Amino acid sequence: MDLGIRGRKAIVCAGSKGLGRGCAMALAEAGVDLILNARGADALAATANDIEAATGVSVIPVAADITTHEGRAAVLDAAGAVDILVTNAGGPPPGMWTDWSREDFIKALDANMLAPIAMMQATLPAMIERGWGRVVNITSQSVRAPIAALGLSNAARSGLTGFVAGTARQVAPHGVNINNLLPGIHATDRAISLDTGVAKAKGISLEEAKAERCATIPARRYGTPEEFGATCAFMCSVHAGFMIGQNVMLDGGANNISI
């Protein structure tokens, strides 16, 4: 399917690995030029080179911490006006409610709520002026089905979801669509980290911890960055013009939520 976005320009945050890389590659395969952001310069440069070599699009890597004002400024300066924004940031650590201080919550809010909002505030005006734009925020299945051990993520990402619910309706008349993409467990470094925690807590192997989690997913496997990226690219396409303010769950059926 031709997504109708060849020649567009996109910012993809946290795009050097995992789900962000999957989204960046899928957009590049659709002909979208990229401003690719991540904190680790070496991994970012390698990913940028891989995507350019595989697709022929322009990829500008910007190594910066998107959760900081300085990091966002660096990305935005390199990008200029863009047509597509994919926000993404690693989730805060799991734990118990007794573990977290006010500072822990502030860090989670900065990374998973305030940084995406700041990026939208910076990029939406130009999209509105041109009459076309797409924003996809990578959040979490925990927005619709909160996970007890991920209280920091539950709180911060739910705040972002509330912001998007209103803002998406305000910008939609201008041809700009904002939606959220909610991953369940995917085969990424985040999954390894979570499975490692379960393995240590239960005294089992990493493979056993993964097998236990897979057994709770109707698809009986983890998702892949490639299929996640393909979903993101479709949400950025001309075919998603009637999709406004939605929370699209991609979790292999793990959460039996009917609405």
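Which residue in β2 is the bridge partner of Ala-10? The views below come from a predicted model, and the first one gives the reply.

**View 1. Strands β1 and β2 pair side by side.**
Leu-34 in β2 is the bridge partner of Ala-10. The two strands, β1 and β2 (residues 33-38), run in the parallel sense and are joined over four bridges. Strands of a sheet pair through backbone hydrogen bonds, either parallel or antiparallel.

**View 2. Seven strands form an open sheet.**
Follow the strands across in the order β3-β2-β1-β4-β5-β6-β7. Their pairing is parallel. At the edges stand β3 (59-63) and β7 (247-250). Each has a single partner strand, so one side of each lacks a neighbour in the sheet. From one strand to the next, the twist averages 15 degrees. Helix α5 (residues 151-171) packs on this sheet. It touches β5 (133-138), β6 (176-183) and β7. The direction of α5 makes about 155 degrees with that of β6.

**View 3. Ser-16 sits in a loop.**
Look between β1 (9-12) and α1 (18-29): the loop there holds Ser-16. Is Ser-16 buried or exposed? Its relative accessible area is 10%. Buried means under 20%, so Ser-16 counts as buried. Leaving out residues up to four places away in sequence, Ser-16 touches Arg-21, Asn-37, Ala-38, Ala-43, Leu-44 and Thr-47.

**View 4. Helix α1 is largely enclosed.**
Nine of the twelve residues of α1 are buried, so the rest of the structure largely encloses this helix. Among the buried residues are Leu-19, Gly-20, Cys-23 and Leu-27. Just after α1 comes Gly-31, with a positive phi of about 95 degrees.

Which helix gives the most to its lining? The helix is α1, with six residues. Both α1 and α8 (225-235) supply at least two residues each to the lining of the second largest pocket. The lining includes Gly-18, Arg-21, Met-25 and Glu-29, along with Pro-225, Glu-226 and Ala-230.

What is the volume of the largest cavity? It is about 40 Å³. Helix α4 (residues 102-130) gives the most to the lining of the largest cavity, with four residues. Cys-13, Ile-66, Thr-87, Asn-88 and Ala-89 are among the lining residues of this cavity. The lining also includes Ala-111, Ala-115, Pro-116 and Met-119.

**View 5. Leu-124 is a buried residue of α4.**
Helix α4 contains Leu-124. Its relative accessibility is 8%, so Leu-124 counts as buried. Which residues does Leu-124 contact, leaving aside its neighbours within four places in sequence? They are Val-135, Thr-167, Val-171, Val-176 and Ile-178. Now compare Leu-124 with Lys-9. In sequence, Leu-124 and Lys-9 are 115 residues apart. In space, Leu-124 and Lys-9 are 14 Å apart, C-alpha to C-alpha.

Notes. Residues numbered from 1 in each chain as written. Predicted model: local features only at pLDDT ≥ 70, side-chain atom pairs only at ≥ 80, totals over all residues. Heavy atoms only, no water. Buried < 20%, exposed > 50% of the residue type's maximum accessible area, 1.4 Å probe, protein only. Contact = heavy atoms within 4.5 Å. Pairing = 2+ DSSP bridges. Axes fitted to C-alpha atoms, helices over the stretch in contact; angles between N-to-C directions. 1 Å grid on protein atoms, 1.4 Å probe; cavity = no way out; pocket = protein on both sides within 12 Å on 5 of 7 lines; lining within 4 Å. Points joined across faces, edges and corners; volume = space filled by probe spheres on them.
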